[in-house]
Amino acid sequence: MTAALELDGLKKSFGKTEIIRGVDLSIGKGERHAIIGPNGAGKSTLFNLITGRFPQSEGHIRMHGQDLAGKAPFQINRMGLSRSFQITNIFPKMSVFENVRCSLLWSMGYRYNFWSMVGRSRALTEGTDRILDQINLTARRDLPAGVLSYAEQRALEIGITIAGGADVIMLDEPTAGMSHSETDYIVELIRAVTEGKTLIMVEHDMGVVFGLADQISVLVYGEIIATGTPEAVRANPKVQEAYLGEAMEVH
Amino acid sequence: MTDQLTTDPTKPAQRIGAGSLTVPLIPWVLAAALLMVLPFIFTANSAITIMNQMAITIIFALAYNMLLGQGGMLSFGHAVYAGVGGFACVHIMNMDDFFAQIPLPLLPIFGGLMGMGLATIVGAFSTRKAGTVFAMISLGVGELIAACSVIIVAFFGGEEGISGDRTYGMPFFGVEFLQQIEVYYLIAAWLLISAALMYLYSRTPLGRMANAVRDNPERAEFLGYSARWVRFFSFVASGFFAGVAGALFAINYEILTEENLNTTQSGLILLATFLGGVGFFFGPILGAIVFTLVQTVLSLQTELWAFYLGIVFVVTVMFFPGGLAGLLMMHVPAMRLGKLGRLGVPYLKTLGSGAIGCLGAAGLIEMTFHLRHASAGDHSMTLFWITFDSHTILPWIVAIAVTFVGLGIARRTAPALAEAWNEANTPDGAPR
């Protein structure tokens, strides 16, 4: 069985600074994989490499066995990978409904269609409403997305991310800046909407990580120092030393 | 499909209707009716000329707004696509044998295809990026093609341009378009068709994604859409309708010159569109109407019309970025609350006196202009239907007084207006 995502000797430099210094990682289908590590370890850069936002300097990224080198974000997305962003990244001026509907268009085969009315498609409207229901934003349906509360915007972003039916979902700090109750809510939401999909996430909140992930990788200074089940990673002395001891104390 | 939806008892039709952007028919029927009867209300030849120009400008402004409002692309050279479409049509008019086989009402299709063809070529490289890069390229291409008009004389006719005769086309159900009124109905029909098509376009998946790319191109890319292709398609569609506008110009005036595609023209359409408001579909329509009126009617009254237009434009950009349409739509919440009427008196007080003050200021400007530029010995000028001697002191005192009193009252009553505005936008019984 090929892995959902495979990183092979991945490197990325900005000028002379090497941010990702050779990452090998294999994430199986249906796995919930969390990437943790101290600030500046390169977690977001790793995300940006995988999703085609930046080109890698060296190494390979393969999704379902296919090399992603040189592919633009929209091409990678069409192959079945979708992501959310660390800083909320939605369409603030469009309604909540439209935000979700736009994220359904490509996967429902509309592509660059300019001969049919979006409002006429019952499948599109119902699909959108189904997602809105899943992320509990039905009541906010016709509001501009920009006026939602922070937690609602994060939920909307998760909705946009999963709407297209991608089977690899990447979430960049989905609970950043949230209160405890909001975090619990989003964790439940993520668990529900990524059922049966491959989930890769960057997260600082250890409660979220240990609650949600079945595999954890620890990224420190652009290298993965440990990968394994939450228990194995927690017990790993290298991880304790580099990162987790300090992070666990805080939480 | 529609029948099924409405007869299915488990799914009420309004559920599909709500937020799903079904096409409202009533405004379109009203618009069609209005276009039909307008020539019977304004029967003068000059009025028909103005309406023709207005309709052409509306199509052009709507096409321009496909870029600016819908797609977030600021173009400084969009007159090029209208102009080239127009030039192509004049050439077709001059191809005797070919033109004799095309009914004139179909000519705009050729203009549109020409504009679209050029937009395809330019868009292939200019839509790679939005923002400043796009704006700069549009300016460069605009200048380049405007410069071509004096270089490629065979197509653009040099400085005097090229002219043709629309009546050589194949008669259309016996109509040869000799009269202005026949041309009016041709243009009106095209206005209706083009506006409807552009409106429908904004409701297609591509049209929705144009908005998405405008708001957040990066997010759109992570939804499977190439921002560049979405921009490109908008650009090409906009080029088509600009070309249609150019073709109608060719039909109406039977002459095209370099002035039809230079950067001044591009600037004017930007101005008209922005004035009307880029945020709503009908904004550019309002803008084009007001702009054409200013350009035709006001320009007969004063040489300084462009100066006033410039002031209005700057004020719009600074204080009302939503344009006229935005100003109108601001009143929707108050209207929903049924409290719009309460704004009437405060508006009259503040805006009425403000308008009088502005007229006073305009009078001062006109008098200064007359003083400086009228030929020596010509002391008499006419302003607001009053003829007086601009070299005497009394008119100046009156104008200054009107200006200060008008603006003063406006300023005094402004807080009351703000109060009334807040009141009108607060539901009854809600805590303030």
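**Exercises on a predicted two-chain model**

Apart from neighbours within four places in sequence, B:Leu118 is in contact with B:Tyr81, B:Val84 and B:Gly239; two residues are in contact if their C-beta atoms, placed from the backbone, lie within 7 Å. The model is predicted, so local features need pLDDT of at least 70 and side-chain atom pairs count only at pLDDT 80 or more, while totals for chains, interfaces and linings use all residues. Residues are numbered from 1 along each chain as its sequence is written, and chains are lettered from A and ligands numbered from 1 in the order in which they are written.

**Exercise 1.** Determine in which helix B:Leu118 lies, and state whether B:Leu118 is buried or exposed.

*Solution.*
- Step 1: B:Leu118 belongs to helix α7 of chain B, residues 107–126. Helices (H or I, at least four residues) and strands (E, at least two) are DSSP runs, numbered from the N terminus.
- Step 2: A residue is buried if 20 or more other C-beta atoms lie within 10 Å of its own, exposed if 12 or fewer, and partly exposed in between, with C-beta atoms placed from the backbone.
- Step 3: Because 22 other C-beta atoms lie within 10 Å, B:Leu118 is buried.

**Exercise 2.** Describe the side of chain B that touches chain A.

*Solution.*
- Step 1: The contacts join 29 residues of chain B to 36 residues of chain A.
- Step 2: On the chain B side, the elements giving two or more residues are α10 (180–201), α11 (205–215), α12 (217–221) and α13 (227–253).
- Step 3: The most is given by α11(B), with eight residues.
- Step 4: By kind, this side of chain B has 14 nonpolar, nine polar and six charged residues. Here Ala, Val, Leu, Ile, Met, Phe, Trp, Tyr, Cys and Pro count as nonpolar, Asp, Glu, Lys and Arg as charged, and the others, Gly among them, as polar.

**Exercise 3.** Explain why α11(B) is described as largely enclosed.

*Solution.*
- Step 1: The buried residues of α11(B) include B:Pro205, B:Met209 and B:Asp215.
- Step 2: As 11 of the 11 residues of α11(B) are buried, the helix is largely enclosed by the rest of the structure.
- Step 3: The cover over these buried residues includes α3 (96–105) of chain A, as well as α4 (45–71), α10, α12 and α13 of chain B.

**Exercise 4.** State how many helices and strands chain A has, and what percentage of the residues of chain A count as buried.

*Solution.*
- Step 1: Chain A contains nine helices and 10 strands.
- Step 2: Of its 251 residues, 47% count as buried.
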